[in-house]
Amino acid sequence: MKALLEIQGVVVTAPVGGGRVAVLRDIDLSVKPGGVLGLVGESGAGKSMIGRLVGGVLPPAFRVDRGAMIFAERDLIGMPAAERRGLLGREIGFIPQQPMTSLNPVRNVGSLFDEHLAKLGVAGRAERRAQAVAALEAVHLPEPASLLGRYAHELSGGMCQRVLIAMAFASRPKLLVADEPTTALDVITQARIVALLGDLCRQYGTAVLFVTHDLRLAAQICDEIAVMYAGEVVERAPARDLLSTPRHPYSQALRSCSPSLDGPLARLVSLPEHMPGLGALAGMAGCRFAPRCPIADHRCAGHAPPLAETAPGRWVRAAGQCLSAALPARGDVPHGKGDAAGWPPRACTRRSSRAIRCCSGRSAASMR
Amino acid sequence: MKNVSFRLRAGEFLGIVGQSGSGKSTVARMLLGLEVPSAGRIALDGADVTGRFSAHAAERTKRIQMIFQDPQSALNPRRRVASIVTQPMEVIGRSAWPERLARAKKLLAETGLAPEMAERFPAQLSGGQRQRVNIARSLCNTPRVLVADEIVSGLDVSVQAQILNLLADLRDHHEIALVLISHDLSVVRYLCDRVIVMYRGEAVEEGETEAVFRSPRHWYTKALLAAVPPDDVNHVWDPHTASSALSRLDPAIES
């Protein structure tokens, strides 16, 4: 099937000091019509920047230096600015990260919805009102008619997110950019929003660019996942394969640094230091992950590996030694990179040590 | 909130989970004496510490410490780290600066921060370092109980892992109890021996963490667990399961 969105070798630069630094480097991604692509990584990895790139709302002074971006057989990069703006909110929908602060606090839901539908060309106030009520009903909001008179501060986070989803789907978009749509919500509300998004996308055939830091959530709801680090895609694979057998050292760390409900109860891996900022990227010639990589050696600082296909559908930005090297077992971590930071993972000893202490505790016997 | 009863053993890590609005944070506020229950009592080592002006309020201040959710706003931007982490010493009496500085260095070492951090201001620290300072301050008066309200929810996963490992080290090397309030069940599984599930102001299930998570009894606990995406990709997760159980059994809850 022909891709709905195809991003090829895109480089986005930003001014830093006197020169320009690649904020996004060599991005290759594609989304099929009705497909779901997950973008996973920590803050600063460039996930949201891809969302802004696709929406055509890069920050001022950021620009696309190289590459091509094709959306529904149109070239997004060469497109006149006015036409590009017209796509956002119509063919490309957007759901922001902070639902509570994304609705104008001094205008009620009805007025915001009315403005949005008027922009989409729906004539007549009564018609727009009827459509707004129907859209709010479609996202399972109770009493949609009375909701039109309410303000963002009167709604919960989950309800604000539903209002924003209703607005995004009012135009039946071909592509939806969802920027961490459930991060600010608790688990049950997250499950409900994800279920709702899935239903609506299936109904309208909408493709999704799903930005999240939760690899396990992405593995369940996406078709393909791209793991991002410091402005680069470091690994791309079918969603479930990426969670079950991550190849890149960063993807592996991402999986084992967050606790799970059903995985083994091992000590969490935590990477040392931080993701390099824009200033640090300027002076970095080699692999951008090397300073934090548990298996980096002298070769890594000078060599930036390309994103290469290692198996059908599986792409990894890593040199041969990264993939052949087994991650260090306990004890072989170079000094200064190891244990304090939680690498390598070691078995959790809590049950045994607890049992001993609980018996000597004051109130242990009185606890039923 | 009604009928919430629990005992916290010395050195025990207790998790309190539930959705927003379930009453988790009210429990924390009562432990600290910021909220007075309409009925019931809270006792620390047998002494009544219910409410702000209880007879043993001073003892509570020394023995129960809070780790705040947002380290950015919980640290005074005009004080240096050494002064922030030893601020609890001001509560128990005056101490000379060299003494405070020595204590600060010890606390920083315990929480994995370099000694030179003592001279810095909060604005010069990263998010993870600020949360460590926050934890160092709570340890200053060697409390018996720490109360932590959603302390890792806003952090990036790798910083979150550092903080969780730090708390795991406290558990293994210190005689200190923790009440961890979180909506993230996997965090509670990682750290806590016991868990209390709260729903609409009531504790609906309580028990050993592994036992509760492996075989939940209450429908709400089942819904909470079903809402978490699994690590095992062969386990097919359907977001409709959690959401439909809740809509069926409690249609009035926030949609």
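Biologist: How many helices and strands does the secondary structure of chain A come to?

Modeller: This is a predicted model, in which local features need pLDDT of at least 70 and side-chain atom pairs count only at pLDDT 80 or more, while totals for chains, interfaces and linings use all residues. Residues are numbered from 1 along each chain as its sequence is written, and chains are lettered from A and ligands numbered from 1 in the order in which they are written. Helices (H or I, at least four residues) and strands (E, at least two) are DSSP runs, numbered from the N terminus. On that basis, chain A comes to 13 helices and 12 strands.

Biologist: What percentage of the residues in chain A is buried?

Modeller: A residue is buried if 20 or more other C-beta atoms lie within 10 Å of its own, exposed if 12 or fewer, and partly exposed in between, with C-beta atoms placed from the backbone. Of the 368 residues in chain A, the buried ones make up 44%.

Biologist: What distance separates the centres of the two domains of chain A?

Modeller: Domain bounds come from an automatic or database domain assignment. Domain 1 of chain A covers 1–91 + 173–331, and domain 2 covers 105–170. Taken over C-alpha atoms, the centres of domain 1 and domain 2 of chain A are separated by 31 Å.

Biologist: Which helix gives the most to the side of domain 1 of chain A that touches domain 2?

Modeller: Two residues are in contact if their C-beta atoms, placed from the backbone, lie within 7 Å. The contact takes 14 residues from domain 1 of chain A and 10 residues from domain 2 of chain A. With 7 residues, the element that gives the most to the domain 1 side is helix α7 (residues 187–204) of chain A.

Biologist: How do the residues on that side of domain 1 of chain A divide by class?

Modeller: Ala, Val, Leu, Ile, Met, Phe, Trp, Tyr, Cys and Pro count as nonpolar, Asp, Glu, Lys and Arg as charged, and the others, Gly among them, as polar. The side of domain 1 of chain A that touches domain 2 divides into 10 nonpolar, 2 polar and 2 charged.

Biologist: Which residue of β4(A) stands opposite A:V11?

Modeller: Strand β1 (residues 5–16) and strand β4 (residues 63–71) of chain A pair in the antiparallel sense over 7 bridges. The residue of β4(A) opposite A:V11 is A:R66.

Biologist: Is A:A72 buried, exposed or partly exposed?

Modeller: A:A72 is placed in the loop between β4 and β5 of chain A. Its phi is positive, about 45°, although A:A72 is not a glycine. Because 15 other C-beta atoms lie within 10 Å, A:A72 is partly exposed.

Biologist: What angle does the direction of helix α6 of chain A make with that of β6(A)?

Modeller: Axes are lines fitted to C-alpha atoms, for helices over the stretch in contact, and angles run from 0 to 180 degrees between N-to-C directions. The open sheet of 8 strands, with mixed pairing, has the order β6-β7-β8-β3-β9-β10-β12-β11 (chain A). Its edge strands are β6 (92–95) and β11 (307–311) of chain A. Helix α6 (residues 157–169) of chain A packs on this sheet, touching β6 and β7 of chain A, and makes with β6(A) an angle of about 175°.

Biologist: Which element gives the most to the side of chain B that touches chain A?

Modeller: In this contact, 45 residues of chain B meet 51 residues of chain A. The chain B elements that give two or more residues include α9 (185–191) and α12 (239–249). With 9 residues, the element that gives the most is α8(B).

Biologist: Is B:C140 buried or exposed?

Modeller: B:C140 lies in the loop between α7 (127–139) and β5 (145–149) of chain B. Leaving aside neighbours within four places in sequence, its contacts include B:V85, B:M89 and B:L107. Because 22 other C-beta atoms lie within 10 Å, B:C140 is buried.

Technical notes: Two strands pair if DSSP finds at least two bridges between them.
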